[in-house]
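Hi,

Here is the model I promised to pass on.

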Amino acid sequence: MRLPLPSVLGEPLQAAFRLLLPLRCLVCSERGHDTLDLCPACLAELPWAGRACLRCALPLPDEALPICGTCRDEPPAQTATHASLLYLPPVDQLLVRYKFHQDLAAGRLLAQLMLRNPPPWSCAPLVPVPLHRKRLRQRGYDQAAELCRLLQLPTWRGLYRRRHTAPQSERSAEQRRDNLFDAFDVRGTVPARLTIVDDVMTTGSTVLEIAETLRLVGAGEVRAWVCARVP
Ligand SMILES: [Zn+2]
Ligand SMILES: [Zn+2]
C-alpha cells in the first residue's frame, strides 16, 4: 500500500506531487497505466456493472425486463439508480481500504473508475450520503462527500443525519429500513433534481430513505449513483 501524501500539503500541491510519482497498481503493485493507479491487466479484469434494474441497479439477466420485480411491485422513490461497478474482488477490497483504512489513493482510483462508467443521464448536482457527526469523528473523513469532491461535479450539501444510526451490516432489509426511519433531514432549499452518491449499495435502503426524504421536502426527481452494487 502506498503511503499517503501528507495532508498538510493541500490538494494542489498533492496533485503536483502525484505527477512526480510513478503510477502504481493498487491491486497487484505492477506499474499503473493511463492516469490510473491500476495496471492494464487488473483494469481488464474489473467487475463493471452490466445489465441491471434501471430503478435499483440490481444486476439482471440479459433477457429480463429493464425493471426488477421488486421495483415493479413497489416503485422506489428514486427514479433511477446507476452502479459503475459490482461489489466483487478487487473492488470490494479497494472500497474497504478507502472506507476503513483512510487509503485516499484507493478513493481517488474508485472515483476515476466511476467517471469511466457514469450514469447515462446528467447527474448534477450530487448529494453525498451523509455521515453522522459521531461517525465522522470516529472515522476522520466522510467517504461519500470525499467521492463527490473527487468526481469534481457540483454538489449540494444540504442533507444531514438527524441522529446516529447503528451500523447497517448484519441487518436484514427490513431491519435496515427501520434503523434508518427518519434518520435524514435537510437544510436550505432543495434543488429540483439531485443525484445521491454513495460508495456501496447493498439492499438500497439508505438510498431509498434519502430519496423519500428529498421528495418529501420538494425535490422533483431524485436519482442515485453508487460506486459499487452488491450483486
Ligand atoms: Zn494490477
Ligand atoms: Zn429494481
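Strands β1 (residues 80–86) and β6 (residues 221–229) run parallel to each other, joined by six bridges. Two strands pair here if DSSP finds at least two bridges between them. One residue pair to click on is Leu86, whose bridge partner in β6 is Arg229. Strand β1 is mostly covered, with seven of its seven residues buried. By buried I mean under 20% relative accessible area, with exposed being over 50% and partly exposed in between (1.4 Å probe, protein chains only).

A word on provenance: this is a predicted model, so local features need pLDDT of at least 70 and side-chain atom pairs count only at pLDDT 80 or more, while totals for chains, interfaces and linings use all residues. Residues are numbered from 1 along each chain as its sequence is written, chains are lettered from A and ligands numbered from 1 in the order in which they are written, and side-chain values use heavy atoms, leaving out hydrogens and water.

Now the metal. The zinc ion (ligand 1) has Cys25, Cys28, Cys39 and Cys42 as its protein donors, each through SG, lying 2.3 Å from it. Donors are N, O and S atoms within 2.8 Å of the metal (3.2 Å for Na, K and Ca), and since water is not among the atoms, sites may look incomplete. The site is tetrahedral, with angles of 101 to 117 degrees among the four donor atoms; the cut-off for that label is all angles between 85 and 135 degrees. Along the chain the donors follow C-x2-C-x10-C-x2-C. Cys28 sits in the loop between α1 (11–20) and α2 (40–44) and Cys42 in helix α2, so the pair ties together parts 14 residues apart in sequence. Cys28 is partly exposed at 35% relative accessible area, whereas Cys42 is buried at 14%.

Helix α9 (residues 205–216) is worth a look too. Helices (H or I, at least four residues) and strands (E, at least two) are DSSP runs, numbered from the N terminus. Nine of the twelve residues of α9 are buried, so the rest of the structure largely encloses this helix; among them are Val207, Leu208, Glu209 and Ile210. Just after α9, Gly218 has a positive phi of about 115 degrees.

Overall, the chain has nine helices and six strands, and 48% of its 231 residues count as buried. Taking contacts (heavy atoms within 4.5 Å) with a separation of 6 or more, 68% are between residues 24 or more positions apart.

Cheers

Technical notes:
Four donors count as tetrahedral if all angles lie between 85 and 135 degrees; four count as square planar and six as octahedral if opposite donors are over 155 degrees apart and all others between 65 and 115; anything else is irregular. The expected span of a helix is 1.5 Å times one less than its number of residues.
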